[in-house]
Amino acid sequence: MSMLMAALAGANMIYGLGMIDLGMTLDFSQIVVDHEIAKMVRKIIGGIPVNDETMAVDVIRHVGCGGHFLQEEHTVKHMREEQSFTSLFDRRPYGQWKAEGAKDLATRAHEKMLYILETHQPDLLDSGTMNILDQIIRDAEDAWA
């Protein structure tokens, strides 16, 4: 909630992802959880677009009073764009979750953290950026020599 409140107040940088124990400890699994929450917060502060397409007045006229919008292509398209999807927080019904192993959030976050550590390949910096960073390092080393 503190992340959401800061973002709604206009903060453009929020620190502390992965911090536990009053910031004295960093937990990789907690980083995964906090990243998922940060994605949800970004979705919320992105707002709701209001335009001819999203207002869908033509769809409202077509469905009419007493109808429903669930079978409308427009609804399906925009539901997929506007819904916040997560692979970490489990939104299945309790019975299904229980029958399929009942993995809690901590377990799913830990598994995702291990997967990221085992498979992530960072993008390399371009040579221009590398040259600039190398020069900054040389300048700093010269200053301390």
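1. Let's start with a charged pair: Lys112 makes a salt bridge with Glu36, and their closest N and O atoms are 3.7 Å apart. By salt bridge I mean a side-chain nitrogen of Lys or Arg within 4 Å of a carboxyl oxygen of Asp or Glu. Lys112 belongs to helix α7 (residues 105-119) and Glu36 to helix α2, so this pair ties together parts that are 76 residues apart in sequence. Helices here are DSSP runs (H or I, at least four residues), strands are runs of E (at least two), and numbering goes from the N terminus.

2. Before going further, a word on the source: this is a predicted model, where local features need pLDDT of at least 70 and side-chain atom pairs count only at pLDDT 80 or more, while totals for chains, interfaces and linings use all residues. Residues are numbered from 1 along each chain as its sequence is written, and side-chain values use heavy atoms, with hydrogens and water left out.

3. Back to that pair: is each partner buried or exposed? Glu36 counts as buried because its relative accessibility is 1%, whereas Lys112, at 25%, counts as partly exposed. The cut-offs are under 20% relative accessible area for buried, over 50% for exposed, and partly exposed in between (1.4 Å probe, protein chains only). Lys39 comes into the picture too, as Glu36, Lys39 and Lys112 are linked in a network of salt bridges.

4. How many salt bridges are there by this rule? The count comes to 6. Arg92 takes part in two that are worth a look: one with Asp90 (2.5 Å, N to O), and one with Glu100 (2.2 Å, N to O). Arg92 is partly exposed at 30% relative accessibility, and Asp90 is partly exposed as well, with a relative accessible area of 27%.

5. The side chains of Thr86 and Glu36 are joined by a polar contact of 2.5 Å. A polar contact is a pair of N or O atoms within 3.5 Å; within protein, one must be able to donate a hydrogen and the other to accept it, and residues adjacent in sequence count only if both atoms are side-chain atoms. A polar atom of the Thr86 side chain also lies 3.2 Å from the backbone nitrogen of Phe89.

6. Where does Thr86 sit? Look in the loop between α5 (73-82) and α6 (94-99). Thr86 has 18% relative accessibility, so it counts as buried. Leaving out residues up to four places away in sequence, Thr86 touches Glu36, Met40 and Arg91, with contact meaning heavy atoms within 4.5 Å.

7. Gly18 is in the loop between α1 (2-8) and β1 (19-20). Gly18 counts as buried because its relative accessibility is 0%. Apart from neighbours within four places in sequence, Gly18 is in contact with Thr25, Leu26, Asp27, Gln30, Ile31 and Asp34. Gly18 and Leu114 are 96 residues apart in sequence, and their C-alpha atoms are 15 Å apart in space.

8. On the surface, check the nonpolar patch formed by Met13, Tyr15, Met19, Leu26, Phe28 and Leu117, with about 740 Å² of accessible area together. Patches are built from residues with over 30% relative accessible area and no salt bridge, joining like charges within 9 Å and nonpolar side chains (Val, Leu, Ile, Met, Phe, Trp, Tyr) within 5 Å. The areas come from the Shrake-Rupley method with a 1.4 Å probe, and for residues only the protein chains shown count as cover. Phe28 lies in helix α2 (residues 28-45) and is partly exposed, with a relative accessible area of 46%.

9. Which backbone angles deserve a second look? Asp21 has a phi near 55°, a positive value in a residue other than glycine, and so does Ala56, also near 55°. In general, most residues other than glycine have a negative phi. Asp21 lies in the loop between β1 and β2 (25-26) and is exposed, with a relative accessible area of 53%. Ala56 is placed in the loop between α3 (52-55) and α4 (57-63), and at 6% relative accessible area Ala56 is buried.

10. Last, Gln135 in helix α8 (residues 127-144). A polar contact of 2.7 Å joins its side chain to that of Asp139. Gln135 counts as partly exposed, at 35% relative accessibility.
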